[in-house]
Amino acid sequence: MRIPLMPLNSVLYPWMPLVLSVYEERYLRMLEEVLRGPQFFGTALIAEGREVGGPAVPHAVGTEVIIARAWPVEDGSWRVVGIGRHRFRVLSMVTQEPYPV
């Protein structure tokens, strides 16, 4: 299964809430596509790299995030409230422009 991936500097466990402020162009685009489609994406703890502005290599285990609510903010960013659902294993990663899958 291929899912959009947002590497973060935090760990999300199944059934745990996640609150994000999304402002990077690549993740705004991901959010736009996810909100039109399956309403979920994956997140995984960053093993190497940076959370903002650069490439990041995630750890091999992540958590699927179901979007419970998302709304735009005046500054162009979005606020997202999600819930961790299932854990998954990253078997391979495609660093497609603009975000990893």
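Author: Gladly. A helix here is a DSSP run of H or I with at least four residues, a strand is a run of E with at least two, and numbering starts at the N terminus. This is a predicted model, where local features need pLDDT of at least 70 and side-chain atom pairs count only at pLDDT 80 or more, while totals for chains, interfaces and linings use all residues. Residues are numbered from 1 along each chain as its sequence is written, and side-chain values use heavy atoms, with hydrogens and water left out.

Reader: How do you know how many turns separate Glu32 and Arg36 in helix α1?

Author: By their spacing: they sit four residues apart in helix α1, so about one helical turn lies between them.

Reader: And what makes Glu32 and Arg36 a salt bridge?

Author: The term asks for a side-chain nitrogen of Lys or Arg within 4 Å of a carboxyl oxygen of Asp or Glu. Here the closest N and O atoms are 3.4 Å apart, so the pair qualifies. Side chains of opposite charge can pair when their charged atoms come close. The structure holds four such bridges. Another is Glu33 with Arg29, at 3.7 Å; these two also lie four residues apart in α1 (residues 25-36).

Reader: Why is Arg36 called exposed, and what is Glu32 called?

Author: Exposed means over 50% relative accessible area, buried under 20%, and partly exposed in between (1.4 Å probe, protein chains only). Arg36 has 63%, so Arg36 is exposed. Glu32, at 47%, is partly exposed.

Reader: What makes a group of residues a nonpolar core, and which members touch the most others in the largest one?

Author: A core is a set of buried Ala, Val, Leu, Ile, Met, Phe, Trp, Tyr and Cys residues joined through side-chain atoms within 4.5 Å. The largest has 17 residues, and Met6, Leu20, Val22, Met30 and Phe41 touch the most other members. Its largest share, five residues, comes from α1. Beyond its neighbours within four places in sequence, Met30 is in contact (heavy atoms within 4.5 Å) with Pro4, Leu5, Met6, Phe41 and Tyr99.

Reader: What makes β1 and β2 edge strands in the sheet?

Author: Strands pair if DSSP finds at least two bridges between them. The open sheet has five strands in the order β1-β3-β4-β5-β2, with mixed pairing. β1 and β2 each pair on one side only, which puts them at the edges. Four bridges join β1 to β3 (residues 40-49), running parallel, so that pair passes the test. Along it, Pro7 stands opposite Ala44 and Leu8 opposite Leu45.

Reader: Which residues of β1 are buried on each face?

Author: Leu5 and Pro7 are buried on one side and Met6 and Leu8 on the other, so both faces of β1 (residues 5-8) are covered.
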